[in-house]
Amino acid sequence: MRTTMALATALALALPALPAGAASRVPLQRVAAQAGYQYRWSPAGAALVLSRPGTVVVLWPGAQVYQVNDHREVTESAPSYSRGDLYVTPALARHLEALAHRNSPSVVTGAASSSTYDRPAQGAITLEARQLQGSEAIDVEGTAPSGAPVTITLLALVSYDVPTILVSRHDIVTDVNGRFGAVIPIASAYERGTTLRVLATSLSGVASAQAQLTTGAPNAGVSVPLDTTH
């Protein structure tokens, strides 16, 4: 009896623990299957993307704010990550199912509907990047296939003699019109004259894009009395 109890305890400890209150929550994989969403994690694994014609939803573990197409919404309790999935409240699960039917055009059920969701993304990314006036950041905009996850990788080239530096990576998702945008801090590539290379990548089948710019003063061209005071 003691041996059986010890084995049961060891097995329980070996399993990943569910978050508090997970018993009353719903796994998003189930929501996706019931509502006809395509379910995928972003390339860097930081966000979960649910998509179907007319609707793209992006959720982040531990964040109450989530993205629906081109706007943000707020849930009463943040999704919890466990065992490779996100767990959400029943209220949010019902809302996501309602969004799928409200925003999506009529599609043929059965095999035709399934092939629509399983079709691989195709196309190319377009990308523009510029330094954001008044800030140590860059403004990135572009286009890609609708609902596609896009990873923005920021690289710094500071010298011929110094290897390229990985500054940051950011996961975003295009809206239903295929547009995306982000404001990305350039920390810690503050040195004036640093060449920044912005690389945008997505799913297999989507051609990547890159842009390049040179860092300058955040308020270049602005005359400030303090700078001329000696």
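Is S42 buried or exposed? S42 is buried, with a relative accessible area of 4%; here buried means under 20% relative accessible area, exposed means over 50%, and partly exposed is in between, using a 1.4 Å probe and protein chains only. Here are some notes to read beside the structure.

1. **How to read the model.** This is a predicted model, in which local features need pLDDT of at least 70 and side-chain atom pairs count only at pLDDT 80 or more, while totals for chains, interfaces and linings use all residues. Residues are numbered from 1 along each chain as its sequence is written, and side-chain values use heavy atoms, with hydrogens and water left out.

2. **The overall picture.** The protein has 5 helices and 17 strands. Helices (H or I, at least four residues) and strands (E, at least two) are DSSP runs, numbered from the N terminus. Of the 230 residues, 40% count as buried. Contact means heavy atoms within 4.5 Å. Among contacts between residues at least 6 apart in sequence, 56% join residues at least 24 apart.

3. **Back to S42.** You can find S42 in the loop between β2 (38-41) and β3 (48-52). Setting aside residues up to four places away in sequence, S42 touches A47, P149 and D171. The side chains of S42 and D171 are also joined by a polar contact of 3.1 Å. A polar contact is a pair of N or O atoms within 3.5 Å; within protein, one must be able to donate a hydrogen and the other to accept it, and residues adjacent in sequence count only if both atoms are side-chain atoms.

4. **Strand β4.** In β4 (55-59), 5 of the 5 residues are buried, so the strand is largely enclosed by the rest of the structure. T55, V57 and L59 point one way from β4, V56 and V58 point the other way, and all are buried. Two strands pair if DSSP finds at least two bridges between them. β3 and β4 run antiparallel and are joined by 5 bridges, with L50 having V57 as its bridge partner in β4. On to β5 (65-68): 2 bridges join β4 to β5, again in an antiparallel arrangement, and V57 has V68 as its bridge partner in β5.

5. **Turns to look at.** The hairpin of β3 and β4 has 2 residues between the strands, and G54 takes a positive phi near 90° there. In the hairpin of β4 and β5, with 5 residues between the strands, G62 takes a positive phi near 80°. G62 is exposed, with a relative accessible area of 60%, and has contacts with A78 and P79 once neighbours within four places in sequence are left aside. R83, in the loop between β7 (80-82) and β8 (85-88), has a positive phi of about 55° although it is not a glycine.

6. **Strand β12 and its partners.** Why is β12 described as largely enclosed by the rest of the structure? Because 8 of the 9 residues of β12 (residues 149-157) are buried. β12 pairs with β13 (residues 165-173) in the antiparallel sense over 8 bridges, and I152 stands opposite H170 in β13. β12 also pairs with β15 (residues 195-201), in the antiparallel sense over 7 bridges; there, T151 has T201 as its bridge partner.

7. **D175.** This residue sits in the loop between β13 and β14 and counts as buried at 6% relative accessibility. D175 and D70 are 105 residues apart along the chain, yet their C-alpha atoms are separated by 5.3 Å. Neighbours within four places in sequence aside, D175 is in contact with N69, D70, S146 and G147. A polar atom of the D175 side chain lies 2.8 Å from the backbone nitrogen of N177.

8. **The second largest pocket.** A pocket is an open set of points on a 1 Å grid over the protein atoms alone, where a 1.4 Å probe fits, with protein on both sides within 12 Å along at least five of seven lines; lining residues have an atom within 4 Å of a point. The second largest pocket is lined by 14 residues, and Q67, N69, D70, V173 and G181 lie nearest its centre. The elements giving two or more residues to this lining are β6 (71-74), β13 and β14 (179-185).
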